[in-house]
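Please look at the structure below. The report that follows describes some of its parts.

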Amino acid sequence: MNKRYPSRSELMHIIEQQSAEIDRLRERVEQLEVDLELARNDRSGPKPPPWIKPNSPERKEHKRPRKKRAEGYARKRSTASSQVVHAIDRCPQCECVLQGGTVKRRREVIEVVLSPAEVTEHVVVERMCPLCTKRCVPKLGIKDGIVGQHRFGLKLLALITSLHEVGRMPVRRIQEHLQSIFGLRISVGAIEYALHKVATKGAAAVETIRQQTRESAVVHADETGWREDGQNRYVWVLATPNARYFEIGRRNNEQIDSMLGKSFSGIVVSDFYKAYDHLLGEHQRCWAHLLRDVRELVGRYPKNRSLARWAHSLKLLYRSARASPTRSLAERRAIRKRLERIATRICQPFIDSDAPQRTLCERILRYVHELFTFVVNHQVPPTNNEAERSLRPLVIARKVWGGTRSKQGSIDAMRRATLMNTWRVRGLNPYLEVQKLLLSPQI
């Protein structure tokens, strides 16, 4: 008896039925996951005010012993600058003389040596040649520890700059610190002039960093508020893998154009601020900003199941984009187009409705072609965290200092921020780099 096999049309019909069933089950699983998440978050009892940070989940005790590491991470001993040997000369019981012995243990003690500041008086003597009557006066310079017309030495200038930029100490706190630690009495104006001297000396290096950011293939851009003599300004940052460039100005298109230059053709990673829309070339919009807004929206409507399912679908789409395998360029472009179609399908039904997610859906559809650039180009990250982290020290400094008092003070602050942050991402010591900067020839 001959066995009958299904025809091609019958097989295609079976595949379509199974695909539809898989899609139905996938939607059901997503709905059940959303319902489970809502059930976990729906806690009875009064909720704390929104300004109170919720407690972190309690840590579970390890039932099994920790797995041994292949490599030890214990604290390494420092190189000893001196050594003191401790041994007992006589036995405490019978007074017998003791000699030799073996090392029982070692104990490391780290201490810093603080000494008062050294003040060197350079006496310049003029001498006259007895033959030609020429007056001979020696010239003082870097080899004598003198930086320009300033009375501070290299180490003191580097220390003041490091305390202000790295330690984020205000000028008056630096004044108190130098007096209490080194017994050095310096006026506030002298400290401000020292900071101005370092910023002026680094102007050429800052311009070089600016040019390097313009030539980078991928640039992160962001901005934050600033106060200059009581007026609102904005600090902009351009971040690349090995450089940070800061500039202060207005929050408009002209500002970012002047920073990047007219010939910039790289990829800009940014948030959804419209000042970046007119830039030519590719864009990558920050998924961290988008998902943060989605999370806040879900928090405002905790019982809206439609919103929760929409947010869950968007998170799954992002995870799918992050997990896309490394393939050929043509395949990555096809994956990007597929992800854009899915994002459009997720958001399109809410455009003409009064759903809470309508505004975010409009944003996603407006920038849908700029959300998945990182899928095609693996050098582009999906978030703008590089620029966000670069601005964080200045945001803290703004809270400590309160801003700057003049236009020149703002320029100096941005120059020092550019130098310090660039040295940090390059793994260099800011204290030593300031000394090298001051030793470099004046341009």
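Is Arg24 buried, partly exposed or exposed? Arg24 is partly exposed, at 46% relative accessible area; buried means under 20%, exposed over 50% and partly exposed in between, with a 1.4 Å probe and protein chains only.

## Basis

The model is predicted: local features need pLDDT of at least 70, side-chain atom pairs count only at pLDDT 80 or more, and totals for chains, interfaces and linings use all residues. Residues are numbered from 1 along each chain as its sequence is written, and side-chain values use heavy atoms, without hydrogens and water.

## Salt bridges

The whole structure holds 15 salt bridges (a side-chain nitrogen of Lys or Arg within 4 Å of a carboxyl oxygen of Asp or Glu). Arg24 forms one with Glu21, at 2.5 Å from N to O. Both residues lie in helix α1, three residues apart; helices are DSSP runs of H or I with at least four residues, strands are runs of E with at least two, and both are numbered from the N terminus. Glu21 is partly exposed too, at 36%.

Glu370 and Arg285 form another salt bridge, with the closest N and O atoms 2.7 Å apart. This pair links distant parts of the chain, 85 residues apart: Glu370 is in the loop between α10 and α11, and Arg285 is in strand β7. Arg285 is buried, with 0% relative accessibility.

## The sheet

Five strands form an open sheet in the order β5-β4-β3-β6-β7, with mixed pairing; two strands pair if DSSP finds at least two bridges between them. Strands β5 and β7 are the edges, each pairing on one side only. Strands β4 and β5 run antiparallel and are joined by seven bridges.
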